[in-house]
Every structure is written in structure tokens, then in C-alpha cells.
Amino acid sequence: MKAFWLVSAAAVALAGCNTVPAEVESTPVASASTSEDARVADLVSRMSLERKVAQLIQPQINSFTPEDMRRYRFGSYLNGGNGGPYGDEYAEASEWLRYADEMYLASVEPMEGDEPVIPTMWGTDAVHGHTNIIRATIFPHNIGLGATRDADLIRRIGAATAVEIEVTGIDWNFSPTVAVARDDRWGRTYESYSEDPAIVAPLGAALVEGLQGRKGDANRLGAGHVIATAKHFFGDGGTDQGVDQGDVNGDIEELKAVHAAPYPATIEAGVETIMASFNSINGRKMHGNKDMLTDVLRGELGFDGLVVGDWNGHGQVAGCTNTDCPQSLLAGLDIYMVPDDWKGLLETLVSQVEDGTIPMAKLDEAVSRVLRLKMRAGLLDEFVKPSDRPNAGNYDLIGSAEHRAIAREAVAKSQVLLKNNGVLPLKEGASVLVAGGAADDIAQAAGGWTLTWQGGGDLDNSYFPGATSIWSGLKTAVEESGGSATLSADGSYSDKPDVAIVVFGEEPYAEFAGDRKHLGFTDEEGLELLQKFKSEGVPTVAVFLSGRPMWVNRELNAADAFVASWLPGGEGAGIADVLTGAMPATGKLGFSWPATCDYGPLNGPEGALFTVGYGRSFDDLSPLPTLDENCAPLQQGAAKDWYVNGRLADGVLANTATGKLDNLRGEAGGIFAIGLDRNAQEDARAISFGPGAYLELAQGGGDNGYGYRVIYEVQTRPSAAVYLKVGAGEPLDITQQLSVAEGKGYREMIITDACVADLGPSLTFTSQGPFKINIGSVVREEFAEGTDCSF
């Protein structure tokens, strides 16, 4: 239990509430000697219905206030990827701690009568360090850590992260991700350690132990430790075509053998919470899947901890909304993560317990798990506000030299050498040119979930005080070896260098924004630089930043050495340690590397250029054969304009029941379409469906064999079934796909003969209920044979 101590009445004053109230200070919730079950039962017996339900409600800090906390007494709350205290996502650590105190103190004000006071707890996504915070240590993402195969290292990363979290007064980390990513088109692939569950399991368990402490340790969940969460149970890495929050299909035992396999190790390590996954299993959303959340997780796997939902994941369950979903609680969910609609959900749940929809015994069971977690974390022993807890306010611990040294070690051990003709390690005294826009860009090296949800963007190096870019690390290392280093993003130089290091790769992204249709790396900045240097007789080292293996055959052919650096984070000197030979090249692939640029998932040796476990040492100078540079997705047949920028090239938009809607404008038959600015004035259309309305996009003539590429954005998820009919074929039910797409910005829908029988010149969308969608363009296109439909 945490070694907390009582605060005095002279504690630092906070707005509206100065200290832990004296009536609460002097009265712990229950004696520490009382058995866990008896203590929990006593608390539950004295709680009102509304207070019980509030323990299951988890809002985000941007949508409620300390006054709301005082009124409703939420059991927990969170900060989203773009959330920060007082509306400032770039707030200093001291502001995070001040906010933690305010919320905590509001949660422990005395209650009327005998009702017990239950402290709240704050959860955060510290997925590669406490990276919501300025100056925090930024560790490599999991895909890089998987390449280290070093459980002890990951345990130390967990411990360092826990300490930095404690500095800001936060109790709970939504980490580790133990997804087994099986389709690298998934935008969360970099949150996975490997495609192999045997690699994922021990590393996920090690991070749990680092965050919480080992089972049996006297200080487990005490000073230097926080609550951990294994996520997302289960199947998040196995969705069809790697679509985030999509559907996972197959024999349930085979799916469990891969995607549930890491959980026994995290449970054995003592993980206290597990997060339910957004995805569905064979069409059934996990947030409402009793067979999985109760029968498998608690029954087969023996998990006795708390199950927390993901961001409005309950709202995706069939028949549910964000404010109405008894199905999730009945299925085995304990806490609803309901960022903004917390009040409506709380009121609905109270009513559903009162009318018997939710049995009181089921509610009490979930509340008991929340209280048991707080008890195990020491939150119920003595009431101590966050700023008076161990490590709180010790801001020197954030980004400390010790923690950065661990991160640097992790970066070095995660580098995977894919090719080397002898240019590495760099020769002492060499003249080194460092090129590429990513070389001096810490945000790009850090990737998503870094200060902001998606990462990157306008985050220049000034946002990362104390961190080291790849260029900075190389400059120091090369000069220490007697050489010289020059930064030239565009590759220009006056004096020919001995070697050029080209740093390039994916721009940052998180979750669904990172979903891809294929694994071909399309940005040609790095390729052009490598080819430029090759033509000039300058040896090259390619340093590739990515959240997944990608088809980079062109870059591999052009480079003399190629390093998969993944998303290394804020200690670029770790890359220099390997390139200069100060550290050996020891990283091994946790994922199969694609030999061809196609649309399918890749797991195992078939179709792999490099298999799981591949990674050269500096002694391996065997030549890499010239690789095929043909990439079908980059060489599609000519597109046929059909509906682009608000105009139908050869046809009309029509509702066949009531007449035409020229150029997607007007109102007819329950459909309303207006101009919408996307990239230019009115270059898209916002379309609202009424119940039973259908929308036909018809083109006169055209090539029957061409598929369709639709750029669209779902504004409001379908309230009933939505069907897509192509040509004279049978309607295709696309309700689930469009529901998943809600709120994710513009996406790409590809329709080929893989899912429809006829590719004739018409698309008809039919909705059985209200539904809003924006359409940016519809293009007929000749796709490569075998191209899957996707949404």
C-alpha cells in the first residue's frame, strides 16, 4: 500500500478548498486490518444509488469541473490525448499537480449522514513515457521495444514512467498495450511489441511489473508505482484489413490463441485493470460481449481486477448510445469511459437500476471492484491529496538524467540493421553529412501520443526541452570521435562528405488516423536524397522512422546501409551510439517485413523480405540482392472522374422516387444535400438521410469493370441499417463500417468485385434511419486484381 501520511491544516491553499477536510482526515474509511472483502462490503452497504453509479462513470477533464466532482463524486476521470489541466494541453507539470489536488479535494469533501467518502483517481495514457507532459522522458514506442527483446529494460522503463506520473499526482496509467498486431496497415501497429504473442506476453508483463511493482513486493502499488492497465481485451490487433475499431472474424479458439495469449502473463504479473477493446469479435462489440468479458476474462483467465471501457466504446454496442448502455455493465464492464456525455449516462444508469433493468447485485459487483482497486492502491487507507504523496512535486524527476539514460539505452537496443555493405559503423574522424527533414525533428521521431494525441504537427524542438534529436546526437558522437558533422536537410553540400546519413519516414499519427490501405511507403524525400548521393558517389546510411514495417524496396536498393529505427522518441543519441559502433547492433524484428507492396496482412516467412528475428550485426556484410521496385498501389490504372469537387462529370445524383438532385445539391425524398468546403469552396457535399431515404449516384455508360474510390466522412453514425447497392448487384450492408467511421475525419471507401457482384455505373446508398455523411469525391478507378473492398 502507498506510504501516505496525513496533511496538516496549514497545507497549501487551493482555489475553493484548502486542505483535506478535518472530518475526513481523522476518519479513515476502514481499518487496515479489516479483510478486503469485508471493508468493501461495508462501504457499498452505506453508499446511495447515485454515488454507486458515479463510481462507474469516468469523464474527461475537458468536460467537467471540480464543482461537478463535488456534486457527483465520480469514481475516476481521465485526460484525453489532447486534454490538459485548465484547457492547456501544454501546461507545466505543476499545473497538472494543482489540478489533481483540486479534483481530489472535491471528491473527499464530507458527505451527509453515514455515506462514506470515496476518493477519486486520475487515469492517463502514458504509453511511451509520461508524454502528455512537457520535459517528460520520451521512450521508444512498443514496436521498438519489441525489437530489444529485453524484459528487464522494459521493467525499468515502467518504473521510470511510474515515477514521472507520480510527480504530477496521477494514479493510473492506461498501459501497457499488449495487442498482437497482425495487419500492419492498422494505425496502432506501433503500440504492439510484435506480431508474435510469445514476444508480446513477457514484455507486457514486464511493463506491468515496472509500473506497479512485482507481486509480493512490500512496496507494490506504493511509492514509485502506479496502477497499470493491460489493453485492449481482446483482438484489437486482428481486425479485418487493419481497420481500427473494426471487426475480427474467425474461429474463437484460434483468435484467443493469438490475441488473448498475452493476457495470462499480465494477469500473473498482477495487472489490476484491463481495458475492453473497441473491436468486435465475429460481429459482436467487445464492450457488450459477456462471453468474452465475463466467461473468458474472468472465468477462463481468472482475472479478478477491474475492467474499464475505452473512449465511448460502450456507445458502439448494438442498441446502445453514449448515454444509454446497460448492456456493457451486464456484460462485465466495470467503468464506463464516457468523456463528455457523463451526466446523461449517469442518470440513465440510475434509472435502469431503479426499474430493474440492471440488478442491484450487478451494480454492487462493479462498484466493489472499483473500491477494491482503490484499496489495493492505498487510496482508502488515509486521505492524502496528490501533492503530498511520494515523488509529487519533485519536478527534477521528470526527464531526469537517469530516466533519459534508460531511454537512450532502449533506443540503441531497438535499432534493427537490415542492410550493411560495410559503411557501418561510421569510421572515426569521418566527415558526415546528415540529411532529411526528420533528422532534427524530435516530434517526428517521437510519433503519436506525444504532447498531443496525434503528435507532430506544429511541435518543433522547443516543445521538448532536455530531449535530443537524431541530428544532435549524431553531431556530438561524430565530433567526439574526431570527425565532423553537418546538417543539410536538402542534402546540399560544398565539400563532399565521406558518408551521408539520410533520416526520413512516416509523419506522426495515432489510432485510426494512421490506418493505411497498403504498406507502400510513398513519401519520396528519402528516396530522392539516397539516389542523389548515390549518383554523386557518396556512401549512404538510411535511418527509417516508422510505426510499422513498410515496403521500402526502392530505398533499400539505393542505400549502402539501412536501419529500421521505428519511433525512437526523445533520445536521438541512442541512434548515434549504434551508428558509430559505441553500442552493437542487436535489435531483432518483431514483425515480418514485406517483400512486396500489396494489400494483405503479413505474418510469417511467406511473402517476407525479412522474417521475425532478423537483424544484422556489424559483422554481417552479406549483400542484399536488388529488390523488385514495382508497387501496384502506386501504379494504378487511370482514374475516371465521376463525381469530384461537387460536380458529377457525366451523370446526376438522383433519388429515383422523387427526381434528380443536380450536382449533389437540393432536397428530395428525405435527403438534403448542401455545399461543403473541404479543400476548396464547396468542393464537397454534406448529405443528410431521413428514415427510408435512398441516394442514387448514376453515371451514363462507363467502364463496367472499374471499381469505386469514395472519399467520405461520417458525421453521425447510422441509427439503422445502411446499404450500398452497386450496379445491378445485391445490396451490401455497410452499417458496421460506417458506424466505426464516425468522428474519424475523411476516410477512403474502396469498392471492387471482391465484395459486390456487379460494378455497373451506379451507386445507391439506402438508409433505414437518420444518418449524416459528407462526400468529398467519388471516382471510378481500375484497381489491381485481387484488391479487397475496404472502408
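## A partly exposed tyrosine and its partner

In this predicted model, Tyr614 is partly exposed, with a relative accessible area of 21%. Phe610, by contrast, counts as buried, because its relative accessibility of 2% falls under the limit of 20%. Phe610 and Tyr614 form an aromatic pair that is stacked, with 4.5 Å from centre to centre and 25 degrees between the planes.

In soluble globular proteins, nonpolar side chains tend to be buried together. The largest nonpolar core here has 109 residues, and those with the most contacts inside it are Ile57, Tyr77, Phe233, Phe234 and Ile274. Helix H8, which covers residues 197-212, supplies the largest share of this core, namely eight residues. Apart from it lies another core, of 39 residues, including Trp186, Tyr509, Ala510 and Met550.

Not counting residues up to four places away in sequence, Tyr77 touches a number of residues, among them Pro59, Phe64, Met69, Tyr99 and Met103.

## Aromatic pairs and a cluster

The count of aromatic pairs comes to 24. In one of these, Trp96 and Trp122 are stacked, at 5.8 Å centre to centre and with 20 degrees between the planes. This pair links distant parts of the chain, since Trp96 belongs to helix H5 (residues 93-107) and Trp122 to strand S3 (residues 121-124), 26 residues apart. Trp96 is buried, with a relative accessible area of 0%, and Trp122 is also buried, at 1%. One aromatic cluster includes Trp96 and Trp122 together with Tyr77, Tyr99 and Trp342.

## Arginines over rings

Arg389 lies over the face of Tyr104, at 4.9 Å from the ring centre, while Arg678 lies over the face of Tyr746, at 4.2 Å from the ring centre.

Key. Residues numbered from 1 in each chain as written. Predicted model: local features only at pLDDT ≥ 70, side-chain atom pairs only at ≥ 80, totals over all residues. Heavy atoms only, no water. Core = buried A, V, L, I, M, F, W, Y, C linked by side-chain atoms within 4.5 Å. Buried < 20%, exposed > 50% of the residue type's maximum accessible area, 1.4 Å probe, protein only. Helix = DSSP H or I, 4+ residues; strand = E, 2+ residues; numbered from the N terminus. Contact = heavy atoms within 4.5 Å. Phe/Tyr/Trp six-rings, centres within 6.5 Å; stacked < 30°, edge-to-face > 60°. Lys NZ or Arg CZ within 6 Å of the ring centre and 35° of its normal.
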